[in-house]
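Welcome, and please open the structure in your viewer. We will go from stop to stop, selecting a few things at a time.

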Amino acid sequence: MIATKAYAVQSPKSPFAPFEIARREVGEHDVLIEIAYCGICHSDVHQVRNEWGGSSYPMVPGHEIVGRVARVGKGVAKLKQGDLAGVGCMVDSCRVCESCRRDLEQFCERGAAMTYNGTEMDRKTPTYGGYSSQVVVDERFTLKIAPGVDLAGTAPLLCAGITTYSPLRRWRTKKGDRVAVVGLGGLGHMAVKLAASMGAEVTMLSTSRSKEADARRLGAHAFALTSDDSTFKKLAGRFDLIVDSISAPHDLNKYLGMVRIGGAMVLLGVPPTPAPLHAFSLIGGNRSLGGSLIGGIAETQEMLDYCAQHEIVSDVEVVPAGKIDEAYERMLRSDVRYRFVIDAKTL
Ligand code: NAP
Ligand code: ZN
Ligand code: ZN
């Protein structure tokens, strides 16, 4: 086993503290990655605090992992020592079910092995995430990262990037589409950058007036405050697509009123409690309400290649491991510009 430094929580209420984990020896198809950076996703906060139920401890979160390949097994063809590589939300799946064969491993019928707060496919070995110094992953669940990219800014693409790229592609975002992004955090700022890069006319819908200038710098063409009720009237029926990244409970019906006839709203955020939905919010405009969960490995690679080509990275604030708790508190106050990323050298 490979002794690995990490930061873990021992219960939903305990703070982060140094913790040692054991990574498996590098198998024939495995890649050992020396982690350089790991993003802090709001899903880490939900799971650390057991807001979705079923969390297991000790927990080492982190599914926005980038680093350098230190060693590969004999059978590995995708990467070699010294290459840059990434790992996102999954580290394995059954590989043979219909979802896996359709490159939708996140919906593996046996349940994908999530990068942390889960188990390997043996359903026994706990998985530990990227708040750690190294990780061993089967090559099929690694991603190639182009040399020369900004590594810290690339880490959040592994979750926030793919989670926003995938629905924008599924709803065929193109030049001139009116896209609204709700919530300017980790996911939201990637949605703005990506939708703008696809030619959409992007409106940022935020509760934070202080983020307006940033929203425009990130590529938004318009900004509206959702804490002002007149926004919902002014923008009624306006958008082809609304990308909703809010992490807390909110009234979906109000937002659906801003979708144009035949348009759609896609939920990305996972608030801890369910939201009431009036059928008329959908029926009264032939509207659709959808959801989207990360993306498969092939699409994640497509997104990374797209971002490298379009020079898109995340706006990050790099923090030392000792400040993870503080970063969580700031993220909960929407005080994130726009992704915290842990520098693995500080573990
Ligand atoms: P984040 O960085 O904390 O951003 C969330 C943003 O939502 C905040 O910055 C804030 O934006 C807005 N917001 C927060 N509380 C709000 C409230 N009470 N009312 C209205 N707006 C509020 O979080 P994130 O990492 O982007 O993640 C967002 C959500 O997506 C989380 O629930 C996370 O678990 C989920 N997620 C889902 C997937 C998936 O596959 N579907 C993947 C990753 C994450 P403003 O300041 O602009 O209002
Ligand atoms: Zn995430
Ligand atoms: Zn499967």
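Before we set off, a word on labels: helices (H or I, at least four residues) and strands (E, at least two) are DSSP runs, numbered from the N terminus. With that in hand, find Pro 58, which sits in the loop between helix 1 and strand 4. Keep in mind throughout that you are looking at a predicted model.

**Stop 1**

Select Tyr 57 together with Pro 58. The peptide bond that runs from Tyr 57 to Pro 58 is cis, and its omega is near -5°.

**Stop 1**

Two of them bring distant parts of the chain together: His 63 belongs to the loop between helix 1 and strand 4 (65-72), while Cys 159 belongs to the loop between helix 3 (151-154) and helix 4 (160-170), 96 residues apart.

**Stop 3**

Now select ligand 1. The space that ligand 1 takes up is the largest pocket. Two elements each give two or more residues to the shell around it, namely helix 1 (42-48) and helix 5 (186-197). Helix 1 contributes the most, with three residues.

How many residues surround ligand 1? There are 30, and the closest are His 42, Ser 206, Thr 207, Ser 208 and Arg 339. By type, the shell holds 13 nonpolar, 15 polar and two charged residues.

- Ser 208, at 2.6 Å
- Lys 211, at 2.7 Å
- His 46, at 2.8 Å

Taken alone, ligand 1 would expose 920 Å², and the protein buries 91% of that.

**Stop 4**

Move to the loop between helix 11 (324-332) and strand 17 (339-343), where you will find Tyr 338. A cis peptide bond links Arg 337 to Tyr 338, with omega about -10°.

Finally, select Arg 172 in the loop between helix 4 and strand 10 (178-182). Its phi is near 50°, a positive value in a residue that is not glycine.

Terms used
Residues are numbered from 1 along each chain as its sequence is written. Chains are lettered from A and ligands numbered from 1 in the order in which they are written. This is a predicted model: local features need pLDDT of at least 70, side-chain atom pairs count only at pLDDT 80 or more; totals for chains, interfaces and linings use all residues. Side-chain values use heavy atoms; hydrogens and water are left out. A residue is near a molecule or strand if one of its heavy atoms lies within 4 Å of it. A polar contact is a pair of N or O atoms within 3.5 Å; within protein, one must be able to donate a hydrogen and the other to accept it, and residues adjacent in sequence count only if both atoms are side-chain atoms. Accessible areas come from the Shrake-Rupley method with a 1.4 Å probe; for residues, only the protein chains shown count as cover. On a 1 Å grid over the protein atoms alone, a cavity is a set of points where a 1.4 Å probe fits but cannot get out, and a pocket is an open set with protein on both sides within 12 Å along at least five of seven lines; lining residues have an atom within 4 Å of a point. A molecule sits in a cavity or pocket if more than half of its atoms lie within 2 Å of its grid points. Ala, Val, Leu, Ile, Met, Phe, Trp, Tyr, Cys and Pro count as nonpolar, Asp, Glu, Lys and Arg as charged, and the others, Gly among them, as polar.
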